[in-house]
Amino acid sequence: MTKSLNRDELLTLAKSFNLKDKCPDCSSLSCAGWETIPGGFMTASLECVGTLRVEDAPEYWEEDLPKGMTIWSKDAPISIASHPYNKSDVYACKQCGCKYVRYTECGGYYVDERIRELRAELIS
């Protein structure tokens, strides 16, 4: 079973890595804000280290964003109780340890695997 992470644990994970120390594979990702995982990126190089999902929690689709900001913004807050973080898992690169949040968007006719760097200064 995947370990559930609270805000403090997420903050500790985020602080455990300096984004300047990315390996070549992770350097190819441009995901300060949510991005679709590039087709050529080897997701097997990432290991799930926890989840922000809460078992049996009621559905919650609200986003926690300052006025004028979207979830795609690189400075959007990482608010673990809000969408899409409340449906996300946390991953670490097996090579360099870079931390990411991953979420699968399931639209009416598509599935979009999304990824975002875990940045401590954005965790609210």
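User: What should I know about the model and its numbering before I read any feature?

Analyst: The model is predicted, so local features need pLDDT of at least 70 and side-chain atom pairs count only at pLDDT 80 or more, while totals for chains, interfaces and linings use all residues. Residues are numbered from 1 along each chain as its sequence is written, and side-chain values use heavy atoms, with hydrogens and water left out.

User: How is the sheet read, and what is the order of its strands?

Analyst: Helices (H or I, at least four residues) and strands (E, at least two) are DSSP runs numbered from the N terminus, and two strands pair if DSSP finds at least two bridges between them. Here five strands form an open sheet in the order S1-S5-S4-S3-S2, with antiparallel pairing. Strand S1 (35-36) and strand S2 (46-51) are the edge strands, each pairing on one side only.

User: Is strand S5 mostly covered or uncovered?

Analyst: Burial is read from relative accessible area (buried under 20%, exposed over 50%, partly exposed in between, with a 1.4 Å probe and protein chains only). In strand S5 (residues 111-117), five of the seven residues are buried, so the strand is mostly covered.

User: Which residues of helix H1 are buried, and what do they pack against?

Analyst: In helix H1 (residues 7-15), the buried residues are Leu10, Leu11, Leu13 and Ala14. They lie on the same side of H1 because they cover an arc of only 160 degrees around the axis, the arc being that of the directions from the helix axis to the C-beta atoms. Asp8, Thr12 and Lys15 are exposed on the other side of H1. The buried residues of H1 pack against S2, S3 and S4, where contact means heavy atoms within 4.5 Å.

User: What is the volume of the largest pocket, and which residues are closest to its centre?

Analyst: On a 1 Å grid over the protein atoms alone, a pocket is an open set with protein on both sides within 12 Å along at least five of seven lines, whereas a cavity is a set of points where a 1.4 Å probe fits but cannot get out; lining residues have an atom within 4 Å of a point. The largest pocket has a volume of about 350 Å³, and of its 16 lining residues the closest to the centre are Leu52, Arg53, Val54, Ala57 and Asn86. The structure also holds one cavity of 30 Å³ or more, and the residues that line the largest cavity include His83, Pro84 and Tyr85.

User: Why does Tyr103 count as buried, and what is it in contact with?

Analyst: Tyr103 lies in strand S4 and counts as buried because its relative accessibility is 4%. Leaving aside neighbours within four places in sequence, Tyr103 is in contact with residues including Trp34, Trp61, His83 and Pro84. The C-alpha atoms of Tyr103 and Arg53 are separated by 10 Å, although the two residues are 50 residues apart along the chain.

Conventions: Grid points are joined across faces, edges and corners, and a volume is the space filled by probe spheres set on the points.
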